[in-house]
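Dear colleague,

Here is the structure we spoke about handing over. My notes on it follow below the display.

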Amino acid sequence: MSTKILWIDDEMDSLASQVMFLENKGYEVERISNGYDGLEYVKANHVDVILLDESMPGMTGLETLAQIKEYNTNIPVVMVTKNEAEHIMEDAIGAQITDYLIKPVNPNQILHTLKKIIDSKALVSEKTTSTYQQEFRNLFMALNNNPDYKEWCELYKKIVYWELEMEKANSPEMQEIHQSQKEEANNEFCKFVDKNYIKWIKAGDNAPVMSHTLLRKHVFPQLEKGKSVFFVLIDNLRFDQWRTIQSKFAESFKILEEDIMLAILPTTTQYSRNAIFSGLLPIDIEKKYPVEWKNDDEDGGKNLYEEQFLEDQLHRNGLGDIKFSYTKVTNHFAGEQLVNNIGNMLHNDLNVIVYNFVDMLSHARTEMEVLKELANDEISYRSITSSWFEHSPLHQALKKVADKNIKLIVGTDHGSVQVKSPSKVIGDKQTTTNIRYKHGKNLNYENKAVLAFKEPSEIGLPKPNFNSSFIFAKHDGYLCYPNNYNHFVNFFKNTFQHGGVSLEEMLVPIIKMESK
């Protein structure tokens, strides 16, 4: 199917040679001499690109442009003008032209512009595919070269980069190759965690930055006189999701550092977020706060004391005299309150904002058929995150303080993974229900599907019952009981879950920014 060009110009007779040139290059060119007829044509026909004269009698080019964009914002429009006046160009650019040409135009100029617009997608796809084919070998070698923790972080950043590039290139074949490599990376990462996790828990400050050391290593050092620090924890935010909203932050803030933190196991809100705000591993939280800490099988909210934990951690780190606020947003009304109140927070040294939307989306994804349709793969899940943030009260609130000389740190407590591979687990009545991890007595499971820890204290976790052990699903696995097995396999398949061991759940973003 040839590319359809609509050329609107009141002097079409003088442009016959340019039109013939384009037709010889394979383009189909429809010629119309005024804006009124041009607009009617657009409403009735498919058009790939519009070439639009700026100076026409009757409806001017700018007026025609406004009408076209009102009807269809996605049609690329190239303004062709004799007038180089700055205000004309500003008005045209403000009305979202794709490009402009100054008369007289020669055929090669027009051809170059059309190729830039029409062929750019194909050229980008071809270039991306070619470059990834060269990079594939490098990634493969890195995976098989026993990467350490820092190398794993860089490797994961590259994997995410290429995943997003493959999405833009829209090459199903290369996306499949990349997905295969990502699966291999996840399998190797699970082995890496199995080999090193107990060492990290015992290593203290010599370990990677983990949930319980996040504030002490990344947030508290940013505190300084005369500058308010905002720490925004967007629950369940993966690194690839961060990359999809990065540009929105960059509009208002200067991004200083893009780092990665290791979320503790289990990668769930109850464990990882309590560890962040207390500055303690769950086993130590239970000892220090026996009333506030709730194990999985106990009644009561599991994250009700984050503000108290934060205040106590500030005191333990010699920061008891700083002025801080803690705000948790769990619904849209609370988000609107944040927008209204954020200006008052500038008087504080530290403002902590916990935004739960992404986590609610993840869990709703399991329960609601509408969201199952909207977020049925990684691409749509990222797209929903991007759309949510762009229109969220959080985005509005941060824009209100972006010019107030603040520091902004964005982080999360854990990520999530799309589960595809079920495996059976047998346990007693006290075995936990989470499908990415379980703890209980006498667990019976498929060894190859999980990481198992017989002694919870070795990985910094409480021991809810005598002989309790923990198991964590690897990569895209999920754990189902034999009873009604097929029902739960189908119910949870392809949903986004967390609690287990994967690159997506454990290697999560921590971003430092400041006002521009």
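**Charges, overall build and cavities**

The mean positions of the 57 positive and 73 negative charges of the protein lie 7 Å apart. Please keep in mind that this is a predicted model, and that the values here are computed from it.

On the overall build: the protein has 19 helices and 19 strands. Its C-alpha trace spans about 90 × 50 × 40 Å along the principal axes. Of the 516 residues, 54% count as buried. Among contacts with a separation of 6 or more, 74% are between residues 24 or more positions apart.

On the inside: rolling a probe the size of a water molecule over the atoms shows where empty space is left. The structure holds three cavities of 30 Å³ or more, and the largest cavity contains about 90 Å³ of space.

Which residues line the largest cavity? They are Gln179, Lys182, Asn186, Glu378, Val417, Gln418, Lys420, His475, Asp476 and Glu504. Helix H7 (172–203) and strand S11 (417–418) each contribute at least two residues to this lining. The largest share, three residues, is supplied by H7.

If you open the model, the lining of the largest cavity can be found by selecting residues from the list above, including Lys182, Glu378 and Asp476.

Regards

Note on methods: Residues numbered from 1 in each chain as written. Predicted model: local features only at pLDDT ≥ 70, side-chain atom pairs only at ≥ 80, totals over all residues. Heavy atoms only, no water. Helix = DSSP H or I, 4+ residues; strand = E, 2+ residues; numbered from the N terminus. Buried < 20%, exposed > 50% of the residue type's maximum accessible area, 1.4 Å probe, protein only. Contact = heavy atoms within 4.5 Å. Lys, Arg positive; Asp, Glu negative; His and termini not counted. Charge placed at Lys NZ, Arg CZ, Asp CG, Glu CD. 1 Å grid on protein atoms, 1.4 Å probe; cavity = no way out; pocket = protein on both sides within 12 Å on 5 of 7 lines; lining within 4 Å. Points joined across faces, edges and corners; volume = space filled by probe spheres on them.
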